Amino acid sequence: MRAVIAVAGLGSRFYPVAKTINKCMLPVLDQPVLAYAVADCLAAGVREIAIVTAAGESGRQVRHYLTEDHALRDYFASRGWQAKYEPLAHLHDQADFVFIEQPRDTHRYGTALPAILAADFVTGHDFFLIAGDDLLLRDDGGSDLADLAAARTAAATPGALAAATVPGHDAHRYGILQPRTCPRGHQLLDELLEKPTEYQQTTAYINISRTLLPGDAITYFEKLTPAANGEYQATDAILAFARDHDVLIHPVTGRYFDCGNPAGWLAANNAAAHTQGLTTQSLNP
């Protein structure tokens with residue numbers, strides 16, 4: 001399998017700091033948000049990852065983080081700081097990264113563009129499509145992407161969607177994955193409800209931008225036309241694919257955080273600190 005991680009967003013909810021710092025590079029404790037997505041890919045057995053970046057400084061930051069700096073690595077080793085560099089060394093040693101620049105195009109914009117731009121990269125391969133600013137935290141050391149791949153294999157479906165579960169009374173805040181149950185008992189994607197104002201179920205599955213698809217699904221992205229808001233939306237392509245093929249809805253184990261907004265990013269940091277037993281006092285030297 002391969003993975004495509006989208007990190008080309010402008011991060012407008014974090015302006016003005018996002019003019020200089022890519023939102024996927026904001027830290028959750030001592031690692032950027034992006035590092036958690038990459039680590040999840042590695043745990044799922046992915047070794048070839050395309051990173052779709054924006055032009056300019058924010059894209060440069062991502063490339064710099066994910067590209068080996070041998071001189072810096074040697075310097076850390078000479079100082080006896082190998083343990084500090086180890087998280088980066090693990091990323092560099094375990095995966096090959098391809099960087100694809102997404103143009104700042106006012107005529108074509110949306111969550112489907114990273115997959116379209118990575119078409120040559122994914123053709124002939126199953127691939128994960130992931131938003132680089134969504135975060136899943138687990139206390140058990142497991143991988144939700146590995147679980148998603150295993151669930152798809154067990155269900156024998158061409159595609160699979162990771163879903164977080166929220167209370168039904170919060171459904172109006174999200175895009176809701178509407179399932180249908182197949183004869184074998186699996187829940188398959190039937191429809192997507194955009195922030196429904198009336199939702200009768202006690203719980204709802206929300207889309208968290210983690211999808212596993214076969215390479216030929218890319219044709220559904222390439223055939224897209226703009227949605228009513230003018231965007232090329234990945235969910236429209238996935239829904240079109242789901243009308244022709246079974247797409248499993250798989251609830252995740254990890255706690256979901258939308259780090260594309262300040263409240264979600266702060267909540268992720270608090271949760272990560274709590275998981276590691278950190279306090280403000282313990283973080284001070």
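Me: The charged end of R108 sits over the ring of which residue?
Reply: This model is predicted. A charge counts as over a ring if CZ of Arg is within 6 Å of the ring centre and within 35 degrees of the ring normal. The charged end of R108 lies 5.8 Å from the centre of the ring in question. That ring belongs to Y232.

Me: How far is the charged end of R2 from the centre of the ring of F121?
Reply: R2 has its charged end placed over the ring of F121. The distance to the ring centre is 4.9 Å.

Me: How many residues apart are F14 and W265?
Reply: F14 is in the loop between β1 and β2, while W265 is in helix α10. Both residues are buried. The pair links distant parts of the chain, 251 residues apart.

Me: Are α3 and α4 roughly parallel or antiparallel to each other?
Reply: Helix α3 (residues 70-78) packs against helix α4 (residues 82-94), with axes 9 Å apart. The angle is about 150°. Angles over 145 degrees count as roughly antiparallel. The two helices are therefore roughly antiparallel.

Me: Which residues in α4 do L72, R73, F76 and A77 meet?
Reply: L72, R73, F76 and A77 are in α3. F76 also belongs to a cluster of ring pairs with Y75, W81 and Y85.

How values were computed:
Residues numbered from 1 in each chain as written. Predicted model: local features only at pLDDT ≥ 70, side-chain atom pairs only at ≥ 80, totals over all residues. Heavy atoms only, no water. Helix = DSSP H or I, 4+ residues; strand = E, 2+ residues; numbered from the N terminus. Buried < 20%, exposed > 50% of the residue type's maximum accessible area, 1.4 Å probe, protein only. Phe/Tyr/Trp six-rings, centres within 6.5 Å; stacked < 30°, edge-to-face > 60°. Axes fitted to C-alpha atoms, helices over the stretch in contact; angles between N-to-C directions. Parallel < 35°, antiparallel > 145°, perpendicular 65-115°, else oblique. Contact = heavy atoms within 4.5 Å.
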